[in-house]
Amino acid sequence: QETLLSLEIYWRMDYSQFQNYCRQNGLGEPKYSRLGSSYLGKQVSITILGRTFVGEGVTYVDAQRDATSKVIKSIESEEKRCESKVSLLNDLVSKFQSAEPECGMSVRYEYHGFSGTRHRFTCIVTINGEVKSFTGEGLSKPNAKLMSASKAFVWLKEYLQSSVEVLCDFPYCKYWSDDIAKCKALIKQVCHNQLEPFHRDDVVAAMIMFDSYSKTKIVAIGSGKGFMHGRYVTKDGSVLQDCHAEVLAKRGLQAFLLREMKKQRSSVVQKYSSGRYDLKDGVSFHLYVNKVPCGDAMVPSGSNDSYLRCRKEGSDAGPGLRKGYSYSYQELKEGYPAYKMCCSDKIALWNVAGLQGALLSQLLCKPIYLETIVVEGLAEENNLRRAFFERFRGISGLPRGYTLNEPSIVVMNGHSNVGGRHGGDKKAFTWVAGADDPGGMIDTQTGRVEAGSAVITKASLFQQWKAVAPFGCLQYGNYQKCKKGALEYRKAIGAFCDHCERRNMGKWIARTREVDQFN
């Protein structure tokens, strides 16, 4: 990689020079937007490599310089991390070459150019005459090279079965080996000590945060694979309708972010003069699931069937309903079966509209997307990529700041030995870092929290949101009306649903509005 210009040189650039610099270095075309002004100055955003950087200043020129300086700092830090991580693979190769020089081991990289929104690198490893290629994709060249080296490192370490101790600082290794082990240990400690022993077949999901200090933290855990029976639906937001592990983990992340927003000094979010929040530089979120998410991700490769899929009470996932209807509150109470969208489709929706949901989108400068999805067990990367984002390429009508996010997909083959404590579909568990009572046990048939904390129910998240939301947001009234105030987020949801209908994937099943009209 070419050395980036120093920040001092950049400050003497005008915006056209910055655009040329981005093109020359394979960074793509930056998108510049004026966000308006607050009582302290102007705000602009620059979107590049799938990320949005917001700058503030007395004038729009100052705000633009502030935003572009953040771009430069972010890319510089990414290149430094890439260089250090790739060197770890080279160190392992050097050590093995010294131990067994006759093996003829070598490593080289090939750049395949830029296609669509992704750069492609291939790491080619030769050992004992055997040649292995590992292709990585990324929003930037350094990221693509890093991902290819990460895959090579994982394979090489297994191939050598060596006792060489190397600090593993790759996403596929450090996060997705050391930190997944740490995640499992935490799940076992929290669940096993407080509740009951594990069951092998349980599904566990965790949200993992990577901060600006290169440290990882598990911020939310969900364990479950059932959803509430329709007859137990309520109008007060106190029940959890979907108790699948991925959904519980995502709701836990929202509770975690709301808690960080309440702090005067947070290491995760920063507050701008406009009253909105943004993640601090270097903070990113990653999803770990110990089994393949239900729905399209489980469909065999080569299938042309990319329908939305839903689950009906007591049945496996099936194609999405053509009409996209939902039963009324009274019909559910009378025993009509409830339908819920499968997790594959929900993860795909998060890759368009973000993880933050409607309420938090009104407090954030831009949506929050996953950087990595790690799936353990017998999974096919191509299936996961198709289910989570590839079938939604070509989506149109997204509002400013929203995009089709294409996270890195990591498959850790093998059988997971971690599970939640519940048995079958009847029990679920949730845990949120930093909460006063972090753990909660849920009866999935009733959606009620039986023991511990209920911090991720709609009613609880609404109360936490009202504690940090500006007065203007609170004027909307009840939960449903406050969600309607998220105009840009709703447009992103609409664009997602329109794309599904145009591609004949089916319609998204919306829940009855009566359950959201609480205060």
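Biologist: Which residues make the contact between α8 and α14?

Modeller: From α8, Asp345, Ala348, Leu349, Val352 and Ala353; from α14, Tyr489, Ala492, Ile493 and Phe496. Contact means heavy atoms within 4.5 Å. By class that gives 8 nonpolar, no polar and 1 charged residues. Ala, Val, Leu, Ile, Met, Phe, Trp, Tyr, Cys and Pro count as nonpolar, Asp, Glu, Lys and Arg as charged, and the others, Gly among them, as polar.

Biologist: What should I know about where this comes from?

Modeller: It's a predicted model, with local features needing pLDDT of at least 70 and side-chain atom pairs counting only at pLDDT 80 or more, while totals for chains, interfaces and linings use all residues. Residues are numbered from 1 along each chain as its sequence is written, and side-chain values use heavy atoms, leaving out hydrogens and water.

Biologist: Why is α6 called roughly parallel to α11?

Modeller: Helix α6 (residues 245-262) and helix α11 (residues 458-468) pack at about 25°, with axes 9 Å apart. That angle makes α6 roughly parallel to α11. Here the crossing is left-handed. Arg251, Gln254 and Leu258 are among the α6 residues in the contact, and Leu461 and Trp465 among those of α11. The class count is 7 nonpolar, 2 polar and 3 charged residues.

Biologist: How do you know that Val203 is buried?

Modeller: Buried means under 20% relative accessible area, exposed over 50%, and partly exposed in between (1.4 Å probe, protein chains only). Val203 has 13%, so Val203 is buried. You'll find Val203 in the loop between α5 (171-194) and β7 (204-210).

Biologist: And what makes Asn504 exposed?

Modeller: Asn504 has 54% relative accessibility, so Asn504 counts as exposed. Asn504 sits in the segment after α14 (487-502), and its phi is near 60°, a positive value in a residue other than glycine.

Biologist: Why is α10 described as largely enclosed?

Modeller: Because 6 of the 8 residues of helix α10 (residues 381-388) are buried. They include Leu384, Arg385 and Phe388. The buried residues pack against β6 (130-138), α8 (343-353), β17 (370-376) and β18 (408-412).

Biologist: Which residues touch the most other members of the largest nonpolar core?

Modeller: Leu257 and Phe285, out of 102 residues. The largest share of this core, 9 residues, comes from α6. A nonpolar core is a set of buried Ala, Val, Leu, Ile, Met, Phe, Trp, Tyr and Cys residues joined through side-chain atoms within 4.5 Å. Not counting residues up to four places away in sequence, Leu257 touches Val268, Val269, Leu279, Phe285, Leu360 and Ile368.

Definitions and conventions
Axes fitted to C-alpha atoms, helices over the stretch in contact; angles between N-to-C directions. Helix = DSSP H or I, 4+ residues; strand = E, 2+ residues; numbered from the N terminus. Parallel < 35°, antiparallel > 145°, perpendicular 65-115°, else oblique. Left-handed = near helix turned anticlockwise from the far one by under 90°.
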